[in-house]
Amino acid sequence: MRIGELAERAGTTTRTLRYYESRGLLPARRTVNGYRTYDEDDLRLLQQIRTLQDFGFDLEETRPFVECLRAGHPAGDSCPASIAVYRAKLGELDTLIEQLRSVRAQVGAQLARAEAELPGGPEPLCELTHVTDGGEHE
């Protein structure tokens, strides 16, 4: 298939494919008249790259997965280098989660402090019913 068809099937642009080619992630095979040509394996490579990028991996982090597929493995994550990238990414995610928990705790503490300083105490979070002067619910 030609570059336009591959881009369409992969849900990307020809510009992106040329960029991946320049980075060595997508093979550059050419016909005798100079057109780029691709096959189903190239589509699998692109799907692997896009999935990993959707998960937050940067382009360079996808390289071991692409190389694993190119080496003939049925899945791009069945090689030691891919597993190492997974482990590193999980470490980064764990760090980010802890940072977010810390920020959340700080924001929660600030909210509690700010509410405590309100005249008359904090506002109710949710008022489901309104009580009339006679003590009855409306």
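Helices here are DSSP runs of H or I with at least four residues, and strands are runs of E with at least two, both numbered from the N terminus. With that settled, hello everyone, and let's look at this one together. It is a predicted model, so local features need pLDDT of at least 70 and side-chain atom pairs count only at pLDDT 80 or more, while totals for chains, interfaces and linings use all residues. Residues are numbered from 1 along each chain as its sequence is written, and side-chain values use heavy atoms, with hydrogens and water left out.

First, the overall layout. The protein has 5 helices and 2 strands, and along the sequence they run α-α-β-β-α-α-α. Of its 138 residues, 25% count as buried, where buried means under 20% relative accessible area, exposed over 50%, and partly exposed in between, with a 1.4 Å probe and protein chains only.

Now to helix 3, residues 40-54.

Is Asp42 buried or exposed? Asp42 is buried, at a relative accessible area of 2%. Setting aside residues up to four places away in sequence, Asp42 touches Leu6, Leu26, Pro27, Arg29 and Thr37, with contact meaning heavy atoms within 4.5 Å.

Leu6 takes us to helix 1. The axes of helix 1 (residues 3-10) and helix 3 come within 10 Å and cross at roughly 40 degrees. That makes the pair oblique: under 35 degrees is roughly parallel, over 145 roughly antiparallel, 65 to 115 roughly perpendicular, and the rest oblique. Axes are lines fitted to C-alpha atoms, for helices over the stretch in contact, with angles from 0 to 180 degrees between N-to-C directions.

Who makes the contact? From helix 1 come Leu6, Arg9 and Ala10, and from helix 3 come Glu40, Asp42, Leu43, Leu46 and Arg50.

One last stop: Gly4, also in helix 1. Gly4 is partly exposed, with a relative accessible area of 39%. Its C-alpha atom is separated by 9.4 Å from that of Leu17, 13 residues apart along the chain. Thanks, everyone!
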